[in-house]
Amino acid sequence: MTDRQLIAHLLRRAGFGATPAELDFYAGLGFDAAVERLVTFEAVDNSALEAALAAKSYDLTQESQAATWWLYRMLFTARPLEEKMTLFWHDHFACNNAKVANTPYMVVQNNLFRANALGNFADLVLKVAQDPAMLVFLDGRDNVKSHPNENFARELMELFTLGIGNYTEKDVTEGARCFTGWTISNDRFFNNVRQHDAGTKTFLGQTGNFAGEDVCRIVCQQAACPIFIARKLIKYFVTDSPSDDYVARMADVFRSSGLDVRTLVAAILRSPEFKDPANVRGLVKSPVELLVGAMKHLNVQVLPSDFWSTLRQMQQELFEPPGVDGWHWGEAWISTTTFLFRANFAQRLTSGTDQNKQPFIDPVGIVNQAGLTTNAAIVDYFVDRLLDGDMTADGRQVIVDWLDGAAKTSSDRLRRLRGAIHLILTSATYQLN
Amino acid sequence: MSYTRRDFLRAGALFVSMSLTMPSFLARTIQATSDRAISAVYGRRKILVVVQLGGGNDGLNTVVPYADPAYYQARPTIGIAKSAVLQLSDYVGLHPNMTGLKARFDAGQLAVVQGVGYPNPNRSHFRATEIWQTAQPDSPPNEGWLGRYLDAACCGEDKPVASESMGVVNVADTLPLTLWTEHVLVPSIGSTSTFKFQTDGGEAPDERLQHLDAFRKLYAQSTAPHVHDDFVRSVGRSAVDTSEQLQAIARSYTPSVTYPNTTFATQLKQVAQIMSGDLGTRIYYVQLGGFDTHANQPTTQGGLLRTFSDGIHAFLRDLEAKGTADDVAILAFSEFGRRVAENGSQGTDHGSAAPVFVVGPGVKGGLIGAHPSLTDLNSGDLRFAIDFRSVYASILRDWLEGDPKAVLGDFQPLGILPPRNLGPVPPPAPGMARTYLQFATSNAQP
């Protein structure tokens, strides 16, 4: 693996892929400095993005525009890991607007994830427990002393911090009692003490007159918590089948740091496993990674107002994870149906036009600018740009043959060029991250 | 490719195994041909439609024990009035919105299997769903129960890496664990209208074929050793081939009834559409979600049960008009029922045992098993009486001609799918004893 391929791998995992210019820039830094810049993103000036977004003035009370706003951030941010972690938390503490039915709440939650993207995990758990969208989504607002609602207490342990097997049914009912009275008032968290069960509870082996804060603290003190979170982040960034030893090493780093997510993510990105060639293209691209990545690779500058619905078709609609366990990653992204939607998204980029009726890409312009004079050179160029060179000679020949089949007219030639890029974007390797 | 008698019997169960080297379009032609050949020799094949009611459907407000005062004590605000219930017996009745299924019950086509569950019920949506989808409560998820059946039916001992088949179709965009297999690729078809591989659009038909050909050549080549490469290439090839085939079928189907305007009914209409193409598909999987009614249950569940019941009824009427309804049995389940007592939000929390429905003209209708007691509870939940794997065993043995013991372990099938001829049927595999266990449908409650 070349240094440039390693940087491309880093930017696909810690971000959503890179434009040719971004790849040049990070490659110039070298791997270690690139990681440092990604994980200390607060130091990176992002004012160009914020100014562009201000000019766009998306209506964040509309779900489709909020989703487009977020996609715009992913596409044009100077802090890719910030958005990649925001997506991680959205998937981890998954709430969907189908139930929350309040887009402003979803945006507040999204900003909470962004502000705590690489913060302290225990702090984030408490903030999420008091987050209005979560209080709606897992029925916390209906959890009152006379009728405890177990939904949040259960998922807090099962999906957010510990995993099945690390708590009992009794902990669920006792945990629910601790959260009674936590509700929403005037669109903000409100602790309604009259609805709180002030009795003694026994939760995960500890007994006291606990409230929600205590539950959040106690779950994060469990030995299972750093292991659970480290494993999930490793699966997000590195491999979907990590060894127990790898997870244990990263969990140790996380525990020793006092559950500092920045320390954990930096350790994962710097681990030997991250650079292991066996793990390059070892994950399946999620639809968001595919869509944003393809636009960056091809340097598409216009974000159409309907690409959020393209993500819905590919089964990763932002603000709409299917359930509280988030999206199902890995091979679950790719079914015959979603494969066709992925391929047809690629077709739209290569052959379609944006809302201003302009083609998304100008293949002839790219070819001329790069000074490519043979079909073999054209194929090599796009295989480098889109796949970091990861295609066999036989595969390249198939695309060269396709280009060679063009008639002499310029419209035929253009269509074949679009088709060649489409074949690379729909290749099996391009579906992998 | 040559057939042995054993292969042919397996093909009779579902489809033939295909070698990896054969182009998938050719393999599919052979499979479709062999399925038609089997139809000609042995008569029509039975078809299973699985409906997963996601989120945990509240069984007590679906099959309502209206004659039990304990029901109304446990549910003072969300209990369904006796006068509104669609009575099935002098003890239970269906939710008032389930008129379609009531008609099926009256026609003897709906088996209501009561009190279905398993030991040590899990109240997590995800784990409970996995348990129902794998039928393996004690091991981590690997293959689905129908996936194991498909693998056994398709591949036997000489297992290829992956076969493509229209033997089963998932009508949704993502594949449920139930259909996860080791050796068979199951297509997921969310909508036939968008199920098409688009090329540029400005080209002549011949150029489109060249584009598809280049795609297929790329997908026939193994690339660098990426862990998911084989998987992606299998799905990609299947997607392109299947979509070309389905485009042709979609053009020739017309529904015989007006389906309700719901996503669920549209999915069932799509099942009818694919059935009309006679591709040999024997299993379809459809999902209806949203049953996790912790709050405001009456409105939410009432709407969902209407969607469910009306959709099934319309689907069967469409098939009846086309003369193919006798081929179809529908299995509907949810990952758990809900607590007996309502909560303070006009809802119910996660519970355990619940009814399972098996519907179709080939079903022996009625109430199966006794309704679980509302007073003899297990931590506030109903006790199960019939293991869900007995329901699956009935389907595997009596409808899909499979081996329930190999797929599920030792569970006694119920007598809900009596053998009936859809025309000549294949001889049973050797050693497949058929004993039918009849469950009393007594409504007397302890």
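Colleague: Which residues of H24(A) are buried?
Modeller: Keep in mind that we're looking at a predicted model. In H24(A), the buried set includes A:Arg415, A:Arg416, A:Leu417 and A:Arg418.

Colleague: Why does the end-to-end distance of H24(A) agree with its number of residues?
Modeller: Helix H24 of chain A covers residues 410-425, which is 16 residues. At 1.5 Å a residue, the helix should span 22 Å. That agrees with the distance between its end C-alpha atoms, which is 23 Å.

Colleague: How do H22(A) and H24(A) pack: roughly parallel or oblique?
Modeller: Their axes are 10 Å apart, and the angle is about 40°. Angles under 35 degrees would count as roughly parallel. So H22(A) is, relative to H24(A), oblique.

Colleague: Is that crossing of H22(A) and H24(A) left-handed or right-handed, and what classes of residue make the contact?
Modeller: The crossing is right-handed. H22(A) brings A:Ile378, A:Val379, A:Phe382, A:Val383, A:Leu386 and A:Leu387, while H24(A) brings A:Ala420, A:Ile421, A:Ile424 and A:Leu425. By class, this contact of H22(A) with H24(A) has no polar residues, no charged ones, and 10 nonpolar.

Colleague: Now for the two chains: which helix gives the most to the side of chain B that touches chain A?
Modeller: The contact takes 49 residues from chain A and 49 residues from chain B. On the chain B side, H5 (125-134), H7 and H8 (229-250) each supply at least two residues. With 10 residues, the one that gives the most is H8(B).

Colleague: How do the residues on that side of chain B divide by class?
Modeller: Let's go class by class for the side of chain B that touches chain A. There are nine charged residues and 17 nonpolar ones, and the polar residues come to 23.

Colleague: Why does B:Arg123 count as buried?
Modeller: B:Arg123 lies in the loop between strand S5 (110-117) and H5 of chain B. Leaving out residues up to four places away in sequence, B:Arg123 touches B:Ala128, B:Phe336 and B:His350. A residue is buried if 20 or more other C-beta atoms lie within 10 Å of its own. B:Arg123 counts as buried because its C-beta neighbours inside 10 Å number 22.

Definitions and conventions:
Residues numbered from 1 in each chain as written. Chains lettered and ligands numbered in written order. Predicted model: local features only at pLDDT ≥ 70, side-chain atom pairs only at ≥ 80, totals over all residues. Helix = DSSP H or I, 4+ residues; strand = E, 2+ residues; numbered from the N terminus. Expected span 1.5 Å × (residues − 1). Buried ≥ 20, exposed ≤ 12 C-beta atoms within 10 Å, placed from the backbone. Contact = placed C-beta atoms within 7 Å. Nonpolar A, V, L, I, M, F, W, Y, C, P; charged D, E, K, R; others polar. Axes fitted to C-alpha atoms, helices over the stretch in contact; angles between N-to-C directions. Parallel < 35°, antiparallel > 145°, perpendicular 65-115°, else oblique. Left-handed = near helix turned anticlockwise from the far one by under 90°.
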